[in-house]
Amino acid sequence: MKRTVKMTLKERERQVRRQIFQSCFLVACVAVFVFLIWKLKALLLPIVVGALLAYLFRPIKDRFQLSWLPHELRVLSLFACVGFCLFMVFNKARQMIPDEKQKLEMKVRLKYKMNEKFQELFGAGNAEKRPGPIAQLIAKEVGPAFGQVNQMLDLDADESDRFQKFSKGFKGQPPTEKRFIEYFEANQTASTYKVVIREPAAVPEAAVPAPAATLEAEPKASLIESLSIWILAPLIFLFLGFDNGQMRRYFVSLVPNRYFELSLTVLDMLDDAIGKYLRGTLLECSLVGATLAVGLFLLGMPFSLALAVGIVSGLANAIPFLGPLIGLVIALAYSLIGENIVSLIPGLNPQDLAIYVVVLIGVTHVLDNVVYSPIVLGNAVNLHPLVVIIAIIGGSELMGVWGMLLAIPTVVVAKTAVETLFKELKDYRII
Amino acid sequence: MSVRNLIAEKLMWESLRRWKNTSPELDRIQFLKTVPFFNELSNWQLKKVAEIVFLRTYDPAEYVFEQGQPGAAIFLIMDGQVAVEISKEGLTTSLATLERGAFFGEMALLDESPRSASARSVDGCKTLALYRNDLNRLIHSDPATACHIYRALARIVGDRLRSTNELVQAAEKLAA
């Protein structure tokens, strides 16, 4: 009897020691994890992006089932297919990126057309046409921003010099079209539009451009640095793609027996909810992008450009509220500089393209909210608009544009994890 | 069995032999072969099952699962003994003591209904757990294997239903 009591006491002591050790180990793990996250925060984004891509890729991998093909070969052949498709897409996109001459022409054209539209709308710089009081008020409000955009589009001395060289034929390129030279000359006197609204603010000393050599060296260094960090994303994608459930099994093996079934259920429910949300969002963004691309093409935009605007706007749509605005800005910018536009819809006046673009963005937004989102996402995850706004602002503060893009998925993961965990802990009568 | 499957199986066993004479994976496959639940499966299919099961080790008197909890997995006893107990109004009755090769909690493969009894390790035990959703995923990745497992499950449920009916009939006869 005494022996049994002694054993029980020993067992109890051992249990207490085990609990203390486990608690200390857990605290140490959390501390190390937080420290590493803090120190390696630059690596966090490529890791998250790689993991996210692997996660989105997983259903394709799961559907590609050939029992006679080993898992590694199966994944490798899938990677090869995806890599080839991506290569083709990037190659096509690279061809669409304007060269130096086209960039200069686009800048000149955008500045000219913008000023032309501004003058047309508000009669700025035109003594004969007096704008109404409302137009004057708008012009007063929009003026400073317009002046800043105008300043951004100004060609500096070096760019002006190169533009003039290109205008006569340079680096084997044909001479610039006559209309661009006319725009360039008109832009030289465009400062009158700025003067009408407000004198541009004096450029602070700190903002004086650095010598060209320094300016070129800095982006190169940062490009190499970011490239070396971003090499992690495909690596993470690759290794997670090869994973055949080993990681999940390893983590589940660490879970105490009491929580074994609970952990499997929670992991599965989380996986299901997050997967549905992410894939739903991807599909929703694709639908929005396709709608915009088709709409802009019908309005008269060249197909390749309409597709590019559709892709960018579709991607931006992942950021609630801001997404449609980004799409609007891009499409409006084109509607301002577009020339010789022939709409495929009969009866549309090409002069009013900007209005049609606004209507198109509005219709797409309504379609997204009324049709796409409810069908694709359903009630996958309901977030309060205030939470969405705070998350986006927080994300942008922490990681800029990437932070804005990843803010909502992060909140969704956290919300689903907490909800599922509490529900299952109750079901398993642990709490 | 097709020639392709035969070659694949031969290759698998050769690679396993080369790898190690006694590897945990080989142990698991050999154990699974002895469980009636998987007796229709080929070695190649058993390897696939061995890849998705979880090995769990329990201390003496530790609960594998408790009555009333939602079920998520079936457990196969690899080593040791497990007591199946039912509690009612504070009274615990032991229904059976299961040994190596036996399985319990099989209804969890069909739905999330609460466990009808508790399972407790007697002197410590080792089990292999097959999670319901892993089996569901096997339907897509290897339908033949999943089909064999579900057929075995249907046969077990059918046998139990038949024996319950016989018990009810016997009880009715006694009552009459």
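A crossing of two helices is called right-handed if the near helix is turned clockwise from the far one, and left-handed if it is turned anticlockwise, by less than a right angle. This is a predicted model, in which local features need pLDDT of at least 70, side-chain atom pairs count only at pLDDT 80 or more, and totals for chains, interfaces and linings use all residues. Residues are numbered from 1 along each chain as its sequence is written, while chains are lettered from A and ligands numbered from 1 in the order in which they are written.

Let me begin with chain A. Helix α2(A), residues 41–63, passes helix α10(A), residues 232–242, in a right-handed crossing. Helices (H or I, at least four residues) and strands (E, at least two) are DSSP runs, numbered from the N terminus. The angle between α2(A) and α10(A) is about 35°, and their axes are 7 Å apart; axes are lines fitted to C-alpha atoms, for helices over the stretch in contact, with angles from 0 to 180 degrees between N-to-C directions.

I turn now to chain B. Strand β3(B), residues 73–88, pairs with β6(B), residues 118–131, in the antiparallel sense over 11 bridges; strands pair if DSSP finds at least two bridges between them. B:Glu85 has B:Ser118 of β6(B) as its bridge partner.

β3(B) also pairs with β4(B), residues 91–98, antiparallel over seven bridges. There, B:Lys88 is partnered by B:Leu91. Two residues lie between the strands of this hairpin, and B:Glu89 takes a positive phi near 50°.
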